[in-house]
Amino acid sequence: PAFRRFQRGYYRVYLPALAADWLQGPYLYKLYQHYRFLEGQIAILYVCGFASSVLFGLVSSSLVDRLGRKKSCVLFSLTYSICCLVKLSRDYLVLAAGRVLGGLSTALLFSAFEAWYVHEHVERYDFPTEWIAVTFSRAAFWNNVIAVGAGGTADFFAEWLGLGPVAPFMVSIPLLVLSGVFAVKNWDENYGKKRAFSKTCGDGLKCLLSDHRVLLLGTIQALFESVVYIFIFLWTPVLDPHGAPLGVVFSGFMAASMLGSSLYRLAVSKRYHLQPV
């Protein structure tokens, strides 16, 4: 029962944050198009977000450990809320600054929350370490469900209610505030080991160059991610002229992703024993 309560406390903060993130997926390109920006200008805005995510991703672990995991989660709620509010502006430089903030927020989302959970699970509560996988697998399941629902919700506010492509971003803000408030009220602070950023990067580079399998795996993943990012940029301008409901299409993508994860888990289960080689 104590573990279940602890799990629920984590999900109350983490799942609204994920929902806010997914809500912004279907209508980002459409919003910039609505503001009359050219495809090349929109591409630069996308690159600003992706580059920011890469740069902040390098320092996010060190930043989270020094600042505190709980404070970092609250900082995520604040920066992502500002990122959403910025979408109301039609100024190109303001929107570019918003994309940079979005990159910082994404880096925090995928580092601070899990780091906080692992520390509390092991250090404060001393639950069995194998239970960590239980929490994260359930979080992954709900993440997929939320992603599918986010597409329909975004479509409802943008198209059905006629509020336009900026509406999903405004709907994200209450969810981000809710996540931050729950973190402030219910979570205790914890910190990581303070290591020099240069040492962290040096260790990572050494690991990368010392084992060719790590380098090969990184290269393959980089190539795959590049294809995904090109797809993320192009699917809206390809489908939108044909009147496709963008939110519903996005839900379809997320449902297909969920199906792929389920098929993989089935393939490597004890029943089928299909193992990567």
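Reader: Where does D126 lie?
Author: This is a predicted model, and in it D126 sits in the loop that joins α6 (112–124) to α7 (131–160). Its phi is positive, near 55 degrees, although D126 is a residue other than glycine.

Reader: Is D126 buried or exposed?
Author: D126 is exposed, its relative accessible area being 63%, where a value over 50% is what counts as exposed.

Reader: And what about the phi of R36?
Author: R36 is not a glycine either, yet its phi is positive at about 70 degrees. R36 belongs to the loop between α2 and α3, and with a relative accessible area of 74% it is exposed.

Reader: Switching to helices, then: how many helices and strands does the protein have?
Author: There are 11 helices and 0 strands, so read from the N terminus the order of elements is simply α-α-α-α-α-α-α-α-α-α-α.

Reader: Where does α10 bend, though?
Author: The bend is at F233 and amounts to about 30 degrees, with a proline, P237, following within four residues.

Reader: Which residues of α10 are buried, and what covers them?
Author: The buried residues are F233, W235, T236 and P237, so F233, the site of the bend, is under 20% in relative accessible area. The elements that cover the buried residues of α10 include α2 (28–34), α3 (39–67) and α11 (246–267).

Reader: What caps the N-terminal end of α10?
Author: That end is capped by D211, which places a side-chain oxygen 3.0 Å from the backbone nitrogen of R213.

Reader: Stepping back to the whole protein, what radius of gyration does it have, and what would a compact globule have?
Author: For 277 residues a compact globule would come out near 19 Å, and the protein has 20 Å, which agrees. The C-alpha trace spans about 50 × 45 × 40 Å along its principal axes.

Reader: What share of the residues is buried, and what share of the contacts joins residues 24 or more positions apart?
Author: Of the 277 residues, 39% count as buried, while residues 24 or more positions apart make up 80% of the contacts with a separation of 6 or more.

How values were computed:
Residues are numbered from 1 along each chain as its sequence is written. Side-chain values use heavy atoms; hydrogens and water are left out. The bend at a residue is the angle between axes fitted to the seven residues ending there and the seven starting there. Helices (H or I, at least four residues) and strands (E, at least two) are DSSP runs, numbered from the N terminus. Buried means under 20% relative accessible area, exposed over 50%, partly exposed in between (1.4 Å probe, protein chains only). Contact means heavy atoms within 4.5 Å. A polar contact is a pair of N or O atoms within 3.5 Å; within protein, one must be able to donate a hydrogen and the other to accept it, and residues adjacent in sequence count only if both atoms are side-chain atoms. The radius of gyration is taken over C-alpha atoms; the globule rule is 2.2 Å times the number of residues to the power 0.38.
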